Amino acid sequence: MSRYLVTGATGRFGSQVVEFLSQCVPANKIVAFARDPIKLQALAEKGVDIRQGDYLDPRSLEEAFTGVERLLLVSALAFTDAVTQHANVIEAAKRSGVRHVIYTAIQRTKDSDFEIPQVTEWDRKTEALLKASGLAWTILRNPMYLDMLPLGFGKSVTDVGIRVPAGKGLAALASRRDLAEGTAAVLSGKGHKGRIYTFGSSGSDSMSDIAADISEASGRKIDYRDTPVAEFVSARVKEGFPEAAATFFAAWFQAIGAGVFAEVTQDLEHLIGRKPQSAKEFLSAVYALSGTGVRR
């Protein structure tokens, strides 16, 4: 029986993929990969195989990937040399006998030339490496997480409204949890080799739509105003963001304005067997009773 390895298993996304994967395959067929395996002790107690490694240590990757048939490559963190790390993973997968690599990318569209700094470039290069590797591959193009919106809106959103640089763009965003469930379905399922999936919700929303959703949930009138990047960055810095991180965050909202996440498909819906949680459903839970929604 196949063994399935999930990289980044201590992260929020990777840990949820492992959770959903355990509902599809026996725990002893799951390999959870992390730099710090001590954090995965709870999974080890459930029978999950825990392996240590680092994207920047090719030898550790080869050892960790031994005996694995399908591997989920969760993209590296921002502000790192992601292309080198991804290349190391792909090469180690080849040398270790992995047959199929599933890669979590970010959406991009032919209708827009907007690029999210770092991310769009490293996705393009990683996808090319995968396609040239000789391995079976699947690419999952994810949208911005719904989970990112409250943090981007800031602590005072119910007082000052939504002030982000997203223009009039529409976006079919999805929750991290639904995306993890869809990813686990691909990792454990059949018929996905050579496929590119565009994940997202089953409908799209503008920031004005989202403002109306938060208004309804919080009981307070919330409006949306397209905001210059500098103003957005300044507001987030005042809340404790490093300036580089705030600028990077702004680019995700600019991507919404450029239509990068506007495509609506049923890819995720078909894989999880239901409609993904909508923006309204997600935000209603976050902002009920006038909550700020900010969770660090």
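I began with the second largest pocket, which holds about 200 Å³ of space. A pocket here is an open set of points on a 1 Å grid over the protein atoms alone, where a 1.4 Å probe fits, with protein on both sides within 12 Å along at least five of seven lines. The volume is the space filled by probe spheres set on the points.

I noted that this is a predicted model, where local features need pLDDT of at least 70, side-chain atom pairs count only at pLDDT 80 or more, and totals for chains, interfaces and linings use all residues. Residues are numbered from 1 along each chain, and side-chain values use heavy atoms, without hydrogens and water.

Next I looked up the pocket's lining (residues with an atom within 4 Å of a point). Arg108, Lys110, Arg141 and Glu263 are among the lining residues. By class, the lining has three nonpolar, four polar and four charged residues.

Then I turned to helices, which are DSSP runs (H or I, at least four residues). The axes of H4 (residues 82-96) and H5 (residues 119-131) come within 9 Å and cross at roughly 20°. That makes the two helices, H4 and H5, roughly parallel (angles under 35 degrees). In their contact (heavy atoms within 4.5 Å), Ala82, Val83, His86, Ala87 and Ile90 of H4 meet Trp122, Lys125, Thr126, Leu129 and Leu130 of H5.

My last entry is on H10 (residues 229-238) and H11 (residues 243-257), whose axes come within 9 Å and cross at roughly 130°.

Note on methods: Nonpolar A, V, L, I, M, F, W, Y, C, P; charged D, E, K, R; others polar. Axes fitted to C-alpha atoms, helices over the stretch in contact; angles between N-to-C directions. Parallel < 35°, antiparallel > 145°, perpendicular 65-115°, else oblique.
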